[in-house]
Amino acid sequence: MLKRNLWKLILSLGVVLWASLSLFPIQDRDFPVYVRGEAKARSEEFGKLLDEAKARFDDKSTKTPSVFVGLRDIANERKIDLADAYFPQIRLESSLRNITKRNNLLLDHLLKQSKGHLQLGLDLRGGVAFTLEVDEKAAAQVSERDRTEKLSKAIEIIGDRINGLGVAEPIVRPVGANRIEVQLAGVNTRDNPEVLEAVKKPARLDFRLVYPFASPGRGDASEVPPLYEIKSMDREGSNGQTVTEELYVKRTPEMTGEGVDSAYPSVDEFGRYRIMLRFNSEGSKKFAAVTAEVARQTQDLRTKTNNPRISAQLAIILDGKVCSAPGVQEEIAGGSAVITGQFTRREAEDLANVLNNPLDLPLVVREQYEVGPSLAQDAIDSGVRAAVIGTALVAGFMVTYYTVGGGIALIALGFNVLIVFATMASLGATLTLPGLAGIVLTLGMAVDANILIFERMRDELGMGKSLVSAHHAGYDRAFTTILDAHITQLAICAVMIGLGTGPIKGFGVTLAIGVFSTLFSVLIVGHLILDWLITGGIIKKLPMMKPITIGAVDFVKLGKPSFIISWAIVLASVVFVFFKGDKIYGVDFLGGDIATLTFEKRIDSSEIRKIAESVGIAETTPTYVAPIGGGTETLRIETPFNQSPALVQALQKAHPEAGLKQIGTNSIGPSIGGEVRTNALISLALSMVIILIYVALRFEWGFGVGAVVASIHDILMTIGIFVLFGHQFSAPMVAAILAIAGYSINDTVVVFDRIREEMKNNPNGNLRDIINLSLRRVFSRSILTSVTVLLTAIALFVAGTGVMRDLAFTFIIGIITGAFSSVFIASPVFYWWHKGDRGKVDDDEKRKVYDWEVQTKASR
């Protein structure tokens with residue numbers, strides 16, 4: 001047994017080790033304390049340096065925002081190489097000799113290491129925010145219409161820069177007519193001021209000619225040549241110091257960054273970082289023409305100077321600064337170029353990122369401030385408590401119903417949780433309260449794979465097989481179903497990641513992580529433990545509670561009235577949704593108002609929400625804001641449009657002791673734009689097409705049609721009932737609807753897999769009887785899976801607050817409709833597609849070209 005499962009054991013231990021290293025430390029560590037402990041050489045001397053940095057921070061006249069900045073400034077002023085002097089164990093880039101850049105790189109690394117690997121979101125811990133404004137001087141020639149369009153585009157670009165995978169949970173939205181507000185969790189601009197630079201850079205890339213026959217301070221020209229200007233370029237000298245070189249650079253570019261298709265960092269043969277550029281078709285032609293012109297200048301220059309080694313240069317300029325000016329000897333027609341310079345790895349990565357997402361409008365920082373958590377502590381506590389209760393209910397149910405098997409399922413679930421959180425930490429994800437709720441609900445669904453295996457084992461044990469044989473046979477039979485169900489979910493994830501942006505893409509990434517972690521924890525870890533216990537003779541039997549059975553119900557007969565009634569409800573719900581119009585959307589989709597107030601005494605966020613509800617305002621987000629660098633703390637309250645005056649009056653009346661005074665109101669745009677909504681709809685539509693094709697190939701076309709009809713039914717039913725009960729759509733709700741699509745197809749595939757199996761086992765049975773038999777045999781599993789997810793959803797709904805309750809409500813509706821549709825929608829549609837004729841199904845089955853196979857000891 002050990003020899004057969006050795007690879008599983010090694011892989012499981014390796015994953016646990018990786019996950020532990022990725023996840024811990026969980027909490028942030030104080031930077032001065034952490035960095036003091038990391039200094040392995042001359043620690044006493046470094047301690048004095050750190051104390052001096054702390055003294056600078058404490059002295060307000062120095063305007064040093066943090067110990068981090070103080071330490072960096074002292075080291076750079078005194079030309080101290082911190083890595084070489086105090087941190088020999090940390091190896092920096094061997095080619096980097098500039099002391100300032102080495103210190104910046106080292107301290108950035110130490111700051112990152114001091115932080116917890118899984119950051120909490122804006123709702124749980126707050127973060128930092130800044131307001132970017134269009135540079136009026138630079139944008140003076142831009143029309144009002146173009147400015148509005150470019151500002152909307154800038155919001156999307158900034159979102160892409162700081163949230164490439166969609167898992168960082170930032171807030172990026174317009175404020176007024178010419179400003180953009182960005183809120184980031186887990187970021188501190190006092191320690192990391194460069195984060196603003198990476199966000200607001202326009203990333204305007206120019207390729208300009210360098211005057212080849214003279215340069216400032218030398219050559220034949222006594223003045224600047226016509227059409228040229230003086231530009232400086234920093235390069236690293238032989239001793240590692242920065243050397244500034246001046247060039248005559250043409251004022252107008254020969255080519256801009258519009259010709260660049262993609263940019264990415266790479267390392268040259270000497271270990272120096274650079275940025276590789278790939279041009280589009282038009283850019284390739286322009287670059288070839290530009291380099292041909294510079295190559296011609298090279299020939300002229302060599303003829304004039306009689307120097308065969310000299311070359312004319314092409315300046316590569318980013319945001320007005322010369323990054324590099326390489327010599328060109330011949331035309332470059334390969335469709336690519338390289339930007340070289342004194343880049344650290346981080347600088348190369350940031351530069352490639354902004355080149356891939358260039359801004360059309362120059363932006364300047366107008367405000368920087370810290371924001372407190374948007375949820376009150378009691379709301380956070382109740383949310384965490386609800387998540388714990390939901391997880392405990394699932395654990396209790398599994399142990400009660402499956403005893404030993406349930407305990408094994410919980411161990412596998414523990415692996416699942418560890419892998420999900422570790423992967424999120426590795427991707428730089430931010431954990432929000434709705435995100436935590438989504439993970440808990442996902443874990444409830446993950447138990448389904450264990451239930452499938454246990455129910456299959458029950459079938460084999462009922463046929464008189466030994467526990468060892470039942471284990472292997474049950475695993476074999478469940479393997480195909482589990483794989484099919486999860487592959488369809490992965491197909492949905494792929495669409496969301498490929499087409500989605502922001503929260504849609506983020507949910508696709510998170511869901512994909514959950515799919516892979518479930519497959520690993522169940523098929524590798526759970527199977528390994530169960531195989532060891534059974535084959536090793538540690539357990540002689542696998543006790544379970546009696547299965548949930550149902551009598552000889554004619555599901556096919558009930559299909560027609562159920563289909564008519566259900567779709568009538570869906571139709572009525574859809575009509576109601578259209579009747580409500582934009583009222584179904586919350587502030588995330590429509591925008592709203594921000595009222596800014598001063599105060600003498602704080603009012604708890606939960607109390608503000610209660611008062612808002614009492615005056616009929618359903619959606620309110622209060623946050624306390626403190627300017628970075630000192631200043632008066634203010635209260636900002638987000639509400640739907642034109643509802644802030646009523647709330648402010650109610651707060652002033654209810655809490656006169658707070659001394660609330662309104663000092664301003666501003667309008668905010670949606671944090672989820674129209675593009676995200678469109679992408680969500682396109683993602684859903686394409687997901688349905690992929691499901692149809694995959695299920696048709698794996699099963700046959702009738703099954704594919706049934707699966708798509710059931711999925712559409714579940715999505716529309718969930719949306720309709722959600723709106724019917726007065727809820728509004730927010731960013732997390734989009735993710736919840738997509739999760740329902742994944743759950744629905746999972747449930748349907750399990751039913752269809754059983755129908756296909758029963759058709760093979762009963763070659764002479766008619767289609768109606770086989771469908772009814774299959775549904776009766778899979779009935780227990782469907783109920784049990786629904787119960788596990790319902791337990792978590794109900795716990796979140798009862799004990800949770802705000803958006804967590806909305807998520808839970810959505811899942812409750814989705815679970816019930818998913819279980820209903822797999823029996824009364826998908827199966828009858830499959831039956832009607834073939835007009836009840838089994839012969840048509842058999843003909844289609846013969847055309848199927850492959851099937852999943854798994855071999856175990858029993859099957860061999």
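Predicted model: local features only at pLDDT ≥ 70, side-chain atom pairs only at ≥ 80, totals over all residues.
The protein chain has 860 residues, and 52% of them count as buried. Its secondary structure comprises 26 helices and 21 strands. Among contacts with a separation of 6 or more, 76% link residues 24 or more positions apart. The accessible surface of the chain is about 38,300 Å². Carbon and sulfur atoms account for 57% of that surface.

The interior was examined next. In soluble globular proteins, nonpolar side chains tend to be buried together. Here the largest nonpolar core holds 133 residues. Within this core, Met398, Phe752 and Ile755 touch the most other members. Helix 23, which spans residues 731-761, is the main contributor to the core, giving 17 residues. A separate core of 30 residues lies apart from the largest one.

Neighbours within four places in sequence are set aside here. Beyond them, Ile755 contacts Phe703, Ile770 and Ile771, and also Phe830. Two serines, Ser774 and Ser827, complete the list of its contacts.

Leu499, Ile682, Leu686, Val689, Ile693, Leu697, Trp701 and Trp833 together make a nonpolar patch of about 740 Å². Helix 21, covering residues 674-698, gives the most to this patch, with five residues. Leu686 is located in helix 21. The relative accessibility of Leu686 is 37%, so this residue counts as partly exposed. The cut-offs place a residue in that class because its value falls between 20% and 50%.

Strand 3 covers residues 171-175, and four of its five residues are buried. Strand 3 is therefore largely enclosed by the rest of the structure. Its partner is strand 4, made of residues 179-185. The two strands run antiparallel and are joined by five bridges. Across this pairing, Pro174 stands opposite Ile180 of strand 4. Three residues separate strand 3 from strand 4 in the hairpin. In the turn, Gly176 has a positive phi of about 70°.

Key
Residues numbered from 1 in each chain as written. Heavy atoms only, no water. Core = buried A, V, L, I, M, F, W, Y, C linked by side-chain atoms within 4.5 Å. Buried < 20%, exposed > 50% of the residue type's maximum accessible area, 1.4 Å probe, protein only. Contact = heavy atoms within 4.5 Å. Patch = residues over 30% accessible without salt bridge, like charges linked within 9 Å, V, L, I, M, F, W, Y side chains within 5 Å. Areas by Shrake-Rupley, 256 points an atom, 1.4 Å probe, with all protein chains shown as cover. Salt bridge = Lys/Arg side-chain N within 4 Å of Asp/Glu carboxyl O. Pairing = 2+ DSSP bridges.
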